[in-house]
Amino acid sequence: MTPKRPYILRGLYEWLIDNELTPHIVVDAEWPYIQVPQQYVQDGQIVLNIAPGALQGLQMGNEEIRFFARFQGKEQRVLIPMGALLAIYAKENGAGTIFEPEEAYLLEIQDEQQGASGIALATTDASPDSGPDSSSDSSTDSSTDSSTDSSPNSSKNANADQDDSHDSSSKTAKKSPSLRIVK
């Protein structure tokens with residue numbers, strides 16, 4: 001079976017937007033092939049505001065999430081492999097979900113770690129365009145600046161354009177990501 005995470009993500013995202021809430025995602029910033037502004041990563045995670053006004057060219061496929069956003073006024077490309085997604089929630093009330101580990105993503109990270117050790121492996125179902133060199137030309141050249149947001153689990157605001165508040169978590173095996181929400 002295919003992983004259910006991308007389908008749940010898209011459904012919850014649409015529901016949050018329809019209810020005029022601000023969707024945020026929690027991401028494992030240490031996942032292979034991820035492209036996020038590393039200066040805002042805390043304890044291996046980053047929280048990103050994915051509301052329509054905070055980014056441009058949002059694409060939520062089955063393998064990855066991609067968009068352009070401004071961080072401290074500088075536009076950056078963000079690419080998040082679906083396995084790196086830990087949670088989606090509303091800034092205003094915390095409605096959302098923490099994603100449970102799925103075997104397909106655990107195998108993907110295990111294969112990546114073994115491949116980095118020089119062990120030849122069979123490939124997983126990951127698409128060839130999910131690597132760091134893939135690009136998306138569907139977004140415009142400029143992003144819309146968004147106002148500063150603070151999430152219910154953040155203690156500081158990383159910048160004025162994109163909410164990059166962070167969650168604390170214990171650094172455990174990739175199999176069991178932890179997420180602590182402080183209100």
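A hairpin of 3 residues links strand 3 to strand 4 in this predicted model. The two strands run antiparallel, with 4 bridges between them. Methionine 60 sits opposite isoleucine 65 of strand 4.

Strand 4 covers residues 64-71 and pairs again, with strand 5 (residues 74-81). This pairing is antiparallel and has 8 bridges. Glutamate 64 stands opposite proline 81 of strand 5. Arginine 70 stands opposite glutamate 75 of strand 5. Between strand 4 and strand 5 the hairpin has 2 residues, and glutamine 72 takes a positive phi near 55° there.

How many residues of strand 4 are buried? The count is 8 of the 8, so strand 4 is largely enclosed by the rest of the structure. Both ways out of the strand share in this. Glu64, Arg66, Phe68 and Arg70 point one way, and all are buried. Ile65, Phe67, Ala69 and Phe71 point the other way, and all are buried.

Walk across it from strand 2. Strand 1 and strand 2 run antiparallel and are joined by 5 bridges. Valine 26 has valine 47 as its bridge partner in strand 2.

Strand 6 then meets strand 7 (residues 96-98), antiparallel, over 3 bridges. Tyrosine 89 has glycine 96 of strand 7 as its bridge partner. The hairpin of strand 6 and strand 7 has 5 residues between the strands. Glycine 94 in this hairpin takes a positive phi near 80°.

Is strand 6 enclosed or open to the outside? Of its 6 residues, 6 are buried, so strand 6 is largely enclosed by the rest of the structure.

Now look at the helix on the sheet. Helix 1 has 14 residues. From first C-alpha to last it reaches 20 Å, close to the 20 Å expected at 1.5 Å a residue. Arg5, Pro6, Leu9, Leu12, Tyr13 and Leu16 are buried in helix 1. These residues cover an arc of only 135° around the axis, which puts them on the same side of helix 1. An α-helix has 3.6 residues a turn, so residues three or four places apart point the same way. Just after helix 1, glutamate 20 has a positive phi of about 55°.

The segment before helix 1 holds proline 3. Proline 3 and tyrosine 105 lie 102 residues apart in sequence, yet their C-alpha atoms are 8.2 Å apart in space. Leaving out residues up to four places away in sequence, proline 3 touches Glu102, Ala104 and Tyr105.

The largest nonpolar core has 31 residues. Within it, Leu9, Ile25, Leu48, Ile65, Phe67, Ile80 and Ile88 touch the most other members. Elements giving two or more residues to this core include helix 1 (5-18), strand 1 (23-28), strand 2 (45-49) and strand 3 (55-60).

Finish at isoleucine 88. What does this residue touch, not counting residues up to four places away in sequence? On the list are Leu9, Leu12, Tyr13 and Leu16, and also Pro23, His24 and Ile25. Ile50, Ala95, Gly96, Thr97 and Phe99 are on it as well. Of these, Leu9, Leu12, Tyr13 and Leu16 are among the buried residues of helix 1.

Notes: Residues numbered from 1 in each chain as written. Predicted model: local features only at pLDDT ≥ 70, side-chain atom pairs only at ≥ 80, totals over all residues. Heavy atoms only, no water. Pairing = 2+ DSSP bridges. Core = buried A, V, L, I, M, F, W, Y, C linked by side-chain atoms within 4.5 Å. Buried < 20%, exposed > 50% of the residue type's maximum accessible area, 1.4 Å probe, protein only. Contact = heavy atoms within 4.5 Å. Expected span 1.5 Å × (residues − 1). Arc of directions from axis to C-beta.
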